[in-house]
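Thank you all for coming. Please have a look at it first.

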Amino acid sequence: RVRMDIKRIKFERTGGFAGIRFAADFELDDLPKDQAKQILALLDDMDFDELPEQIRGSQQVADGFEYSITVITEKRQHTVTTSEAAAPPKVGPLLEILTQIARQQARNKK
């Protein structure tokens, strides 16, 4: 059951050893179909809408990454913020894809 009403995704990765910020802001329609389908399937699999706005672990990792994912649909917007250490396992593959897209967008702007 993949939801098709997702319009836009905003992603940001901050922190890390070098403190480099990666951000992406894109419409699903602008992505290759396979990539868009993969993102939708991952969001659906983890019940993104049901995740809390903050996912924090008991320990903070020095130089760890912080992630913010905002999914915008026709009716609502839901943002989840998590750290590298606290991210649930199902979120990992989504973070990888979104980081790739952010890197690609950064390269395209140069």
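This is a predicted model: local features need pLDDT of at least 70, side-chain atom pairs count only at pLDDT 80 or more; totals for chains, interfaces and linings use all residues.

Let me start with Glu66, which is partly exposed at a relative accessible area of 25%, where buried means under 20%, exposed over 50% and partly exposed in between, with a 1.4 Å probe and protein chains only. Residues are numbered from 1 along each chain as its sequence is written, and side-chain values use heavy atoms, with hydrogens and water left out.

The side chain of Glu66 meets that of Arg56 in a salt bridge, 3.1 Å from N to O, the term being used for a side-chain nitrogen of Lys or Arg within 4 Å of a carboxyl oxygen of Asp or Glu. This pair links Glu66 in strand β4 with Arg56 in the loop between β3 and β4, 10 residues apart; helices (H or I, at least four residues) and strands (E, at least two) are DSSP runs, numbered from the N terminus. Arg56 is likewise partly exposed, at 39%.

How many salt bridges does the structure hold? There are seven, and those that share partners join Arg8, Asp25 and Glu27 into one network. Within it, Arg8 and Glu27 meet at 2.9 Å, N to O, and because Arg8 lies in strand β1 and Glu27 in strand β2, the pair ties together parts that are 19 residues apart in sequence.

Those two strands run antiparallel and are joined by six bridges, two strands being counted as paired if DSSP finds at least two bridges between them.

A search of the whole structure finds two aromatic pairs. Phe11 and Tyr67 have their centres 6.1 Å apart and their planes at 25 degrees, so they are stacked, and they lie in β1 and β4, 56 residues apart. Phe65 and Tyr67, at 6.3 Å and 55 degrees, are therefore tilted. Phe11 is buried at 2%, as is Tyr67 at 8%.

Conventions. Rings of Phe, Tyr and Trp (its six-membered ring) pair if their centres lie within 6.5 Å; planes under 30 degrees apart count as stacked, over 60 as edge-to-face and the rest as tilted.
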